[in-house]
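Good morning, and thank you for coming. I would like to take a few minutes to go through one structure with you.

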Amino acid sequence: MKTAVLTGALAAVAAAASTSPPYYPTPKGGWVADWSASYEKARALVAQMTLAEKVNITTGIGWQMGRCVGNTGPVTRLGFPSLCAQDGPLGVRNADYITAFPAGITAGATWDEELIYARGLAIGEEARAKGVHVILGPSVGPLGRSPLGGRNWEGFGADAYLQGRAARQGVAGIQAAGTQACIKHFIGNEQEHFRGDGGVAATISSELDDRTLHEAYLWPFAEAVRAGAASAMCAYNMVNGSYACQNSALLNGVLKDELGFQGYVMADWLAQRSGVGAMLAGLDMTMPGDGAAWADGASFWGPQLTRAVLNSSVPVPRLNDAVTRIVAAWYQTGQDAADFPPLSFSAWTTADTDVAFRGAGAGPTVRVNSHTDVRGAHGATALAVARDGIVLLKNTNATLPLSAAAVLRIFGSGAGANAAGANSCADRGCNSGVLGMGWGSGTADYYPDIATPLAAIAARAANTQSQLADSVSAGTTTLASTPGAQCLVFITSDSGEGYITVEGHAGDRNALSAWHNGDALIAAVARACAATIVVLHAVGPVLVEPWIDHPNVTAVLHAHLPGRDAGPALAQVLFGDVSPSGRLPYTMGRALADWNTSLVTSSAISSGPIPQPFAEGVFIDYKHFDRAAIAPRFEFGFGLAYTTFAISGASLAAGVTPSLLPPARPAKGATPSYPTAIPAASEAAWPAAIVTRVAKYVYPYLDSPAAVTPGVYPYPAGYSTTEKPAPAAGGAQGGNAALWDVVWTVRVTVTNTGGVAAKAVPQLYIQFPDDTGVQTPVRQLRGFKKVLVPAGGKVEVEFEVTRKDLSIWDVVRQNWVIPGAGAKGHVLHVGQSSRRLEVSCFTATGVCGAFVNGTEV
């Protein structure tokens with residue numbers, strides 16, 4: 001374990017984490033070669049736009065004023081449409097004939113990049129087929145700093161590398177389908193309490209230092225940008241005392257300059273807190289258009305942005321860049337194609353027709369739902385993710401797999417249906433029946449319903465009986481005492497977005513224990529049934545200490561959040577159609593106190609930032625458990641199968657010679673150029689064709705634009721229009737392209753030592769040298785592969801270790817640094833979890849060997 005402390009300049013930067021330095025002006029997009037053709041098309045179109053048309057593209061038209069959750073104004077004259085932005089990360093929200101895919105946490109638990117890509121592709125295809133331009137996902141913020149975080153389940157796990165690989169594949173899949181991905185929530189959005197939406201006065205401020213930002217929270221976003229993400233959503237919360245949607249250091253400096261982000265920054269709904277300030281800080285699009293309150297029609301932008309350009313507060317080049325970024329993303333994803341589907345649904349009603357402007361209750365009655373079936377063959381992908389995300393935690397006495405002839409007794413409401421209907425609770429804001437997803441805006445409707453475990457199990461085993469009450473009664477004991485029975489107990493733990501409170505949980509979980517009397521139900525069944533199988537459907541870690549060591553609890557499965565195919569996916573694993581292959585994307589501790597993080601759930605602060613120090617730095621989840629020598633119940637990366645594996649035969653091959661710093665970045669390419677003069681006031685006047693102004697609709701026009709004259713604006717401290725030198729850590733999408741140079745290649749042999757074909761997940765963890773000058777984790781994930789290994793067979797697996805994998809973020813150099821230019825050596829471990837390491841390679845010597853009980857031999 002590394003025990004060095006922060007010293008000198010590093011300590012000074014860490015101590016100053018509560019301030020966010022200014023970074024101006026916003027870097028222009030268009031200098032990356034992969035986007036150059038799209039930017040040239042965008043330049044040609046934007047050059048023809050009036051001031052009002054440009055503002056129209058940057059501003060949502062208002063809550064429920066269009067048919068999607070977010071709708072921009074169109075430029076009909078030039079053929080640019082109103083962009084439809086729609087949740088969410090697991091499928092098209094508030095629509096019929098779609099697939100409710102497994103949640104992000106389930107996809108992360110598959111540890112299968114190909115499957116995560118396929119999931120993203122299917123989500124993108126369904127969104128496009130419904131007429132959606134921007135799908136609001138994937139989500140990699142929250143990272144999962146605290147296991148109690150309400151929206152952790154929308155992301156892929158509590159490790160930056162795992163989240164990053166999943167983000168890259170998810171973005172690539174979505175955009176391969178011709179839908180814009182919106183990576184979210186940027187950044188430090190780690191709890192729901194005091195998250196800061198809707199103009200509330202007191203907001204949580206994530207206080208994090210620069211190294212923690214880069215090595216933990218930013219890492220997944222960098223991978224999404226590297227994949228070419230079209231848009232990024234800034235979060236509600238503050239970061240170091242500045243709102244995330246007007247934090248120039250993060251939006252201008254980190255995202256757009258250092259990471260070379262070529263897309264546009266979209267505000268989360270009502271996350272914008274100012275007009276001119278947000279635009280100067282790098283915000284490009286506001287949503288839903290309303291400003292400080294829902295559906296009030298009063299925007300920080302819209303006519304106010306038009307006025308700000310005319311009075312010179314917002315420089316014309318800044319507006320042009322924002323618009324060009326949005327239009328370029330439209331071209332980049334091929335949405336200018338003539339066959340792009342028309343919008344075929346309404347997020348606000350299931351009826352065939354509705355008034356055109358629902359938020360105002362105004363306008364003609366128009367057809368809003370065509371009930372287009374976009375599911376295609378996506379059910380196979382959804383089923384595969386749900387199945388392969390199931391983690392087998394315990395299996396004594398070969399309890400699993402089950403036989404079709406088994407005597408099965410099933411307990412717990414989590415095995416059955418919601419009696420009121422799977423979609424009866426808005427945005428899944430209840431925990432009734434089988435738990436397929438958390439609650440909030442990141443949900444989708446089950447269409448036509450969710451397939452329950454009870455139905456799937458009963459279809460496979462005729463002798464199945466159930467008691468779905470969560471309470472313990474004499475009937476519980478009687479049913480569990482059936483001679484020869486194997487008893488399945490279903491428990492849940494739910495969470496979601498803070499605008500809904502479920503059973504006392506205001507988004508974030510109050511505790512990590514099972515809901516609905518789960519522990520007592522398991523105990524009661526286990527007292528009477530010698531083969532008790534526990535099935536968890538949960539948003540993340542659950543404390544299992546009350547019953548995990550009970551001798552009659554012989555098998556435990558964590559099925560996460562399976563989406564629509566909860567039953568069939570579980571049945572395939574239970575009955576041995578496939579061996580379970582999921583691995584934990586987080587640590588399961590023995591008590592909440594095992595974790596080193598907490599949430600702020602109460603505060604005396606009524607206005608301004610509520611500080612939340614991220615004092616743990618990079619030591620999140622298993623990295624904390626390792627440093628503190630805490631024995632988890634089940635470690636990060638853990639998962640059993642119906643067979644066993646062994647990893648051996650490690651070898652190490654050198655690639656690019658490591659150096660202290662990456663090679664110098666290339667210069668930026670050219671960016672679009674436009675006239676910089678303030679437009680004529682006539683470009684902001686109301687068109688004669690608009691004779692009726694719809695209430696609450698956000699228009700870009702002014703009543704008396706000629707009365708607006710340039711003046712002196714009190715710009716924020718540090719504001720400048722002089723472009724900053726290009727960051728040394730940048731140079732391409734995601735950062736300096738040399739960061740992904742392969743420095744080492746590790747090869748191992750994975751052997752299936754049992755009699756069942758199954759998928760193995762070998763994992764590579766890196767150990768930094770001791771004298772780096774900063775604290776580093778005992779080990780951290782830097783590679784994984786999912787491979788099918790035949791019974792008794794072998795598969796060769798190769799890991800590529802990059803320059804970035806070997807680097808630490810140097811807060812002084814503002815760059816990625818390989819300690820000692822690699823001469824000090826790293827140790828590359830490969831194993832089956834973060835604590836089951838089997839082989840190790842030493843880069844200083846090139847020697848590889850077995851890893852036994854923590855000692856290399």
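The model is a predicted one: local features need pLDDT of at least 70, side-chain atom pairs count only at pLDDT 80 or more, and totals for chains, interfaces and linings use all residues. Residues are numbered from 1 along each chain as its sequence is written, and side-chain values use heavy atoms, with hydrogens and water left out.

Let me begin with the cysteines. How many disulfides does the rule give? Taking a disulfide as a pair of cysteine sulfur atoms within 2.5 Å, the count is five. Counting bonded cysteines along the chain, the pattern reads 1-2, 3-4, 5-6, 7-8, 9-10.

One of these disulfides joins Cys-68 and Cys-84, with sulfur atoms 2.0 Å apart. The torsion about their S-S bond is about -100°, so this disulfide is left-handed. The pair links distant parts of the chain, 16 residues apart: Cys-68 sits in the loop between helix 3 (51-58) and strand 1 (70-71), and Cys-84 in strand 2 (residues 84-86). Helices (H or I, at least four residues) and strands (E, at least two) are DSSP runs, numbered from the N terminus. Cys-68 and Cys-84 are buried, that is, under 20% relative accessible area, where exposed is over 50% and partly exposed lies in between (1.4 Å probe, protein chains only).

Cys-487 and Cys-529 also form a disulfide, with sulfur atoms 2.4 Å apart. Their link is right-handed, with 100° about the S-S bond. This pair, too, links distant parts of the chain, 42 residues apart: Cys-487 is in strand 15 (residues 485-493), and Cys-529 in the loop between helix 15 (518-528) and strand 16 (532-538). Both cysteines are buried.

Cys-182 is buried, with a relative accessible area of 0%.

I turn now to helix 7. Helix 7 covers residues 210-226, and 16 of its 17 residues are buried. Where does helix 7 bend? The bend is about 65° at Leu-218, and Pro-220 follows within four residues; the angle is taken between axes fitted to the seven residues ending there and the seven starting there. After helix 7 comes Gly-228, with a positive phi near 90°.

How values were computed. The expected span of a helix is 1.5 Å times one less than its number of residues.
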